[in-house]
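Work through the exercises below with the sequence and the model at hand. Each task is followed by a stepwise solution.

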Amino acid sequence: MSAPLLSCAVASMHRGLLLPSEANNEAAPELEELAATLPEVFGTADPGCLERVAARLGAEQGGGNFSQVLFLSESRVHVIQALERREGEALVAVSPSGRSVGLVLSLVQARAAELEEER
Amino acid sequence: MTAAGVPSSRYLSSIPASPAISSAVQRVLGYIDDLPAGATGALNFGLHGMILLQSRKICWAVARTMRLRLTDLLRNQSTPPVSREAVEQVYRRCKASGTPIGEALVASGLATEAGLRAALFKHNGDAIVALARAGAAPDDWVTHTKPGYDPKYSFSACEVLAMVGSLDDPARAAAAQVELANMLVPDSVGAAFTRGTDASGSLVIAVDRGCDFAVADLVGTCNWVAGLFDVAQTFDQEVFAARVHFGTQAGLVTWRSKDVGYVGMCGSRAAAARLVSRLSERGVRSSGVMPRGSHERESPA
């Protein structure tokens, strides 16, 4: 099985913009659209509410901070992966392989780990 | 009763459907959520009524303005109704022994467990709606030391909230209950909700029996996941499900079907993955944003 095509880029959670970098210069336009949602996705949640829900679900303390958001559609997988060691930054990724969620997530996590190592 | 053990809407018709009432009920249920975990006792609302709780679950509620009694509800579950004399005999025994009347009726064969649960659900729901409509606030909390109620006849605040929300469209709520029962996986609990055009936010219309969060947190979570779908429209109008991971374990999975939103709250990543997998297999596909205004009908209060 061939690896799914994965486009990814690093974006600012607060400004909703792709961060300038060599890799991001060739980012797919849909990554810009995904990045633009970051302030909304990360900024509108009531942290207390999610924290309490997460705690009831057995999450560790501080579990109200979400680390990954995955969107599924018929033809695409979109992923937002918060970069733990790069505060305020997230990896945004899109793959046309709507049926290979596990593989896409593995690739995203591997890319996120690389980016965090770079720091 | 539905497969999920939730009473059918025919038991609930005396409560008017209204988002305004749902908000008022949310306020009353918030008083219960404010009690410490495991609270067992009586929450008194002055002359308006009271709610009995066991481990912060609703066992019994009564309001001064209520018309139907539990025994009437139980008697009328049979055709012809169980005789008043038979019920009163059990009542007299219960009064002498201090045992709950509902459970004694089941033991005597005059009611079924499912019938008792349905009748209690309606009775307690009616009482809480009556307290909400009266604008009642608790003035006293009396702790009880001995648990006296069977947990299977108690209800979470979320169940009561969903019961009130379901009255807007009972058929849709029943379908949502079935959807939750079919889709949720072990180590997950869930809720179904609709949205309005006003600022009232999500209207919770169904929950599974294990859903026992603070009602404000449940509504807040529903509002937030509904917003996730809104933002997803900006990059992909075909998004039908989303998953959010919290920390290293817990997660939320949200999906929509027709005009109803769903959220599954998962205690492990494995549960979230299974739920996503189940959704992917089924290929939930419902294009467009969940329409607003699906609970706009106001009934005269």
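**Exercise 1.** Into which domains is chain B divided?

Solution. This is a predicted model, in which local features need pLDDT of at least 70 and side-chain atom pairs count only at pLDDT 80 or more, while totals for chains, interfaces and linings use all residues. Residues are numbered from 1 along each chain as its sequence is written, and chains are lettered from A and ligands numbered from 1 in the order in which they are written.

Step 1: chain B has domain 1 (9-153) and domain 2 (168-282), with bounds from an automatic or database domain assignment. Step 2: the centres of domain 1 and domain 2 of chain B, taken over C-alpha atoms, are 29 Å apart.

**Exercise 2.** State the confidence of chain B and of the complex.

Solution. Step 2: in chain B the highest confidence belongs to β1(B), at 96, and the lowest to helix α2 (residues 70-75), at a mean of 80. Step 4: for the complex, the predictor gives an ipTM of 0.88 and a pTM of 0.83.

**Exercise 3.** Describe the four-stranded sheet of chain B.

Solution. Step 1: helices (H or I, at least four residues) and strands (E, at least two) are DSSP runs, numbered from the N terminus; two strands pair if DSSP finds at least two bridges between them. Step 2: the open sheet has the order β3-β2-β1-β4 (chain B) and antiparallel pairing. Step 3: β3 (57-63) and β4 (140-143) of chain B are its edge strands, each pairing on one side only. Step 4: four bridges join β1 (residues 41-44) and β2 (residues 49-54) of chain B, and B:Asn44 has B:Met50 as its bridge partner in β2(B).

**Exercise 4.** How do helices α1 and α6 of chain B cross?

Solution. Step 1: the axes of α1 (residues 19-33) and α6 (residues 157-166) of chain B come within 10 Å and cross at roughly 175°; axes are lines fitted to C-alpha atoms, for helices over the stretch in contact, and angles run from 0 to 180 degrees between N-to-C directions. Step 2: α1(B) is therefore roughly antiparallel to α6(B), a label for angles over 145 degrees. Step 3: the contact (C-beta atoms, placed from the backbone, within 7 Å) includes B:Val25 and B:Leu29 of α1(B) and B:Leu161 and B:Val164 of α6(B).

**Exercise 5.** Follow the sheet that involves both chains.

Solution. Step 1: the contact takes 36 residues from chain A and 32 residues from chain B. Step 2: β2(A) gives the largest share of the side of chain A that touches chain B, seven residues. Step 3: β2(A) pairs with β7 (residues 241-246) of chain B in the antiparallel sense over six bridges, with B:Val244 as the bridge partner of A:Val69. Step 4: nine strands form an open antiparallel sheet, ordered β1(A)-β4(A)-β3(A)-β2(A)-β7(B)-β8(B)-β9(B)-β5(B)-β6(B). Step 5: β1 (7-12) of chain A and β6 (202-207) of chain B each have a single partner strand, so one side of each lacks a neighbour in the sheet. Step 6: neighbouring strands of this sheet are turned by 20° against each other on average, direction ignored.

Notes
Parallel < 35°, antiparallel > 145°, perpendicular 65-115°, else oblique. Contact = placed C-beta atoms within 7 Å. pLDDT = per-residue confidence, 0-100.
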